[in-house]
Amino acid sequence: MNKQKHKEELQSLQKQLALIHQAMGRQGRSAVIVLEGPDAAGKGGIIRRLAWCLDPRWLSVWPIAAPDAREREQHWLQRFWQRLPSQGRWAVFDRSWYGRVLVERVEGFAEPDAWKRAYREINEFERAITAEHVRLVKIWLDISADTQLDRFRARYRDPAKQWKLTTEDLRNRSKWQQYHQARDEMLERTHTEVAPWHRIDANSKHQARMSCFRLLIEELGRELDLSVPTPADEIKAFFE
C-alpha cells in the first residue's frame with residue numbers, strides 16, 4: 001500500500017472514531033483503552049494518531065512509568081483508580097496495571113506472592129470498571145525480536161529519536177524470553193468475558209495502526225446511537 005492510499009484509509013478510520021467519541025461524550029459513556037506490548041511496538045505512534053482526531057476535552061492519555069514515592073505507600077492499584085475517566089470521557093493508558101505481572105515480575109520489583117495475587121486483583125478491578133458501563137478495550141501489540149532490534153537501530157541512528165532509546169530498553173531485551181513467558185501467562189489469566197485481550201500484529205506500523213482503529217471502531221461503536229441530535233426549536237427558529 002503506498003503512503004497516500006494508507007493516509008487516506010487512516011483518515012477515514014479516524015473520522016469514524018471521532019464520530020464515536022463525540023456520540024459517547026454526548027451520551028455520557030466512558031471508555032478505557034489499554035495499550036501494552038514490548039518496547040518499540042508502536043504504542044506511541046498509535047496514541048498520537050488517536051489524539052490527532054479526538055476532542056481533547058474528552059480525552060486523557062496516561063503514560064505509565066514506575067510509581068513515585070507517594071504511590072509506593074499506597075495500594076498498587078490506587079494510582080490507576082485515580083486515572084479512570086469521568087463520565088463521557090476516554091482514558092488511554094500507555095502501559096497500565098499490567099506492569100505488575102510483566103516488568104515488576106520479571107525485574108523482581110514485586111515479590112512472587114504480590115504478582116501472583118495480582119491476576120485476581122486485576123480481574124476484579126476490570127470487572128468493577130465494566131460493571132459501571134465503562135467500555136474497556138485491552139490491546140497487546142505483538143512484534144518479533146528482529147523487528148524490535150531494527151527499530152532500536154533506527155532510533156539510534158536518528159538524532160531526533162535517540163532520546164527514546166534507553167539502557168532499560170536494552171536490559172529488557174536481554175530478558176526477551178522471560179517477558180514472553182510472563183506475557184503468555186498474563187494473557188491466559190486475564191482474558192475474561194468482560195475484559196478480553198485483543199492481539200494485533202505490529203511488525204508493520206501502518207497495518208497495526210489501521211488494525212487498532214478498526215478494532216476500536218468495532219468495540220466502542222457497538223450498540224451506540226450514532227444519530228446526530230436534532231437542533232433545539234429555538235435554534236431552528238433563529239436560522240429558519
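**Helices and cores**

In α1, the buried residues are His6, Leu10, Leu13, Gln14, Leu17, Ala18, Ile20, His21, Ala23, Met24 and Gly25. The model is predicted.

**Helix α1**

- The cover over the buried residues of α1 includes β1, α2, β2 (59–63), β3, β4 and α10.
- With 24 residues, α1 reaches 34 Å from its first C-alpha to its last, close to the 34 Å expected at 1.5 Å a residue.
- Gly28 follows α1 and has a positive phi, near 70°.

**Helix α2**

- Lys43, Gly45, Ile46, Ile47, Arg49, Leu50 and Cys53 are the buried residues of α2.
- These buried residues of α2 pack against α1, β1, β2, β3, β4 and α10.

**Nonpolar cores**

- In soluble globular proteins, nonpolar side chains tend to be buried together.
- The largest nonpolar core has 33 residues, and the members that touch the most others are Leu17, Trp90, Ile139, Leu216 and Leu220.
- At least two residues of this core come from each of α1 (3–26), β1 (31–36), α2 (43–53), β3 (90–94), β4 (135–142) and α10 (205–221).
- The most is given by α10, which supplies eight residues to this core.
- Another core, of 30 residues, lies apart from the largest one and has Val32, Leu77, Val101 and Ile122 among its members.
- Leaving aside neighbours within four places in sequence, Leu216 contacts Leu17, Ile33, Leu50, Val137, Ile139 and Gly221.

Note on methods
Residues are numbered from 1 along each chain as its sequence is written. This is a predicted model: local features need pLDDT of at least 70, side-chain atom pairs count only at pLDDT 80 or more; totals for chains, interfaces and linings use all residues. Side-chain values use heavy atoms; hydrogens and water are left out. A nonpolar core is a set of buried Ala, Val, Leu, Ile, Met, Phe, Trp, Tyr and Cys residues joined through side-chain atoms within 4.5 Å. Buried means under 20% relative accessible area, exposed over 50%, partly exposed in between (1.4 Å probe, protein chains only). Helices (H or I, at least four residues) and strands (E, at least two) are DSSP runs, numbered from the N terminus. Contact means heavy atoms within 4.5 Å. The expected span of a helix is 1.5 Å times one less than its number of residues.
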